[in-house]
Amino acid sequence: MTQILRIWTFWIHAAIENECRNDVERMVLPRMRLAPGNQRASVLLKDAGDGTFEVVVLSVWESLDHIKAFVGLNYLQPTIPPSHLSKVFNKERAVHHYAMNDIPASFRGWTLT
């Protein structure tokens with residue numbers, strides 16, 4: 001079975017880094033982790049050194065069908081609550097999906113948050 005790695009990147013101002021981290025860890029990741037077919041969900045934050053942070057939300061899914069069931073048929077579009085859009089000053093226009101044909105056993109237990 002080919003698993004799917006789903007990645008989306010957006011950028012925020014450094015002043016709201018803690019707020020963003022808390023929101024993603026409290027609201028986004030738990031919902032994603034409970035979704036049928038989700039194997040892993042994590043967030044990476046990187047200080048760009050210019051007053052901004054790059055935020056990468058990544059998740060591993062059993063199949064593209066599970067992703068579609070979770071986010072809907074418009075699965076290539078990023079999902080971010082309208083109340084949070086004003087906090088994001090830049091974002092990738094589309095979510096990226098990668099087939100993961102052979103995942104080493106050591107990778108299956110990763111956790112980044």
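This is a short walk through one protein chain, from its overall fold down to a few single residues.

Keep in mind that the model is predicted. Let's start with the whole chain. The protein chain has 113 residues, and 37% of them count as buried. Its secondary structure comes to 2 helices and 5 strands. Along the sequence, the order is β-α-β-β-α-β-β.

The accessible surface of the protein chain is about 6,800 Å². Carbon and sulfur atoms account for 54% of that surface.

Now the inside. The largest nonpolar core has 21 residues. Which of them touch the most other members? They are Phe10, Ile12, Cys20, Met32, Val43, Val55 and Trp61. Strand E1, residues 3-13, supplies at least two residues, and so do H1, strand E2 (38-47), strand E3 (52-61) and H2. There is also a second, separate core of 6 residues. Its members include Leu5, Ile7, Val56 and Met100.

Asn38 sits in strand E2. Is Asn38 buried or exposed? Asn38 counts as buried, because its relative accessibility is 11%, and the cut-off for buried is under 20%. Again leaving out residues up to four places away, Asn38 touches Met32, Arg33, Ser59, Val60 and Trp61. Asn38 and Gln3 are 35 residues apart in sequence. In space, their C-alpha atoms are 9.6 Å apart.

Next, the pairing of E2 and E3. The two strands run antiparallel, and 9 bridges join them. Look at Ser42 as an example. Its bridge partner in E3 is Leu58. The hairpin of E2 and E3 has 4 residues between the strands. In that hairpin, Gly49 takes a positive phi near 80 degrees.

Over to strand E1, where we find Thr9. Thr9 has a relative accessibility of 6% and counts as buried. What does Thr9 contact beyond its neighbours within four places in sequence? Glu54, Val55 and Val56 are on the list, along with Lys91 and Glu92.

Now the salt bridges. How many does the structure hold? The structure holds 2.

In one, Glu17 pairs with Arg21. The closest N and O atoms are 2.5 Å apart. Both residues lie in helix H1, which covers residues 17-34. They are 4 residues apart, about one turn of the helix. Glu17 is buried, at a relative accessible area of 11%. Arg21 is partly exposed, at 29%.

In the other, Asp23 pairs with Arg26. Here the closest N and O atoms are 3.4 Å apart. Asp23 and Arg26 both lie in H1 too, 3 residues apart, about one turn of the helix. Asp23 is at 10% relative accessibility and counts as buried. Arg26 is at 57% and counts as exposed. Why the two labels? Because buried means under 20% and exposed means over 50%.

Last stop, helix H2 and its two ends. Ser63 is in the loop between E3 and H2. Ser63 caps the N-terminal end of H2, which covers residues 64-71. A side-chain oxygen of Ser63 lies 3.3 Å from the backbone nitrogen of Asp65. At 18% relative accessibility, Ser63 counts as buried. Ser63 and Ala99 are 36 residues apart in sequence. From C-alpha to C-alpha, they are 9.0 Å apart in space. And just after H2 comes Gly72, with a positive phi of about 100 degrees.

To recap: 2 helices and 5 strands, a largest nonpolar core of 21 residues, and 2 salt bridges.

Key
Residues are numbered from 1 along each chain as its sequence is written. This is a predicted model: local features need pLDDT of at least 70, side-chain atom pairs count only at pLDDT 80 or more; totals for chains, interfaces and linings use all residues. Side-chain values use heavy atoms; hydrogens and water are left out. Buried means under 20% relative accessible area, exposed over 50%, partly exposed in between (1.4 Å probe, protein chains only). Accessible areas come from the Shrake-Rupley method with a 1.4 Å probe; for residues, only the protein chains shown count as cover. A polar contact is a pair of N or O atoms within 3.5 Å; within protein, one must be able to donate a hydrogen and the other to accept it, and residues adjacent in sequence count only if both atoms are side-chain atoms. A salt bridge is a side-chain nitrogen of Lys or Arg within 4 Å of a carboxyl oxygen of Asp or Glu. A nonpolar core is a set of buried Ala, Val, Leu, Ile, Met, Phe, Trp, Tyr and Cys residues joined through side-chain atoms within 4.5 Å. Contact means heavy atoms within 4.5 Å. Two strands pair if DSSP finds at least two bridges between them.
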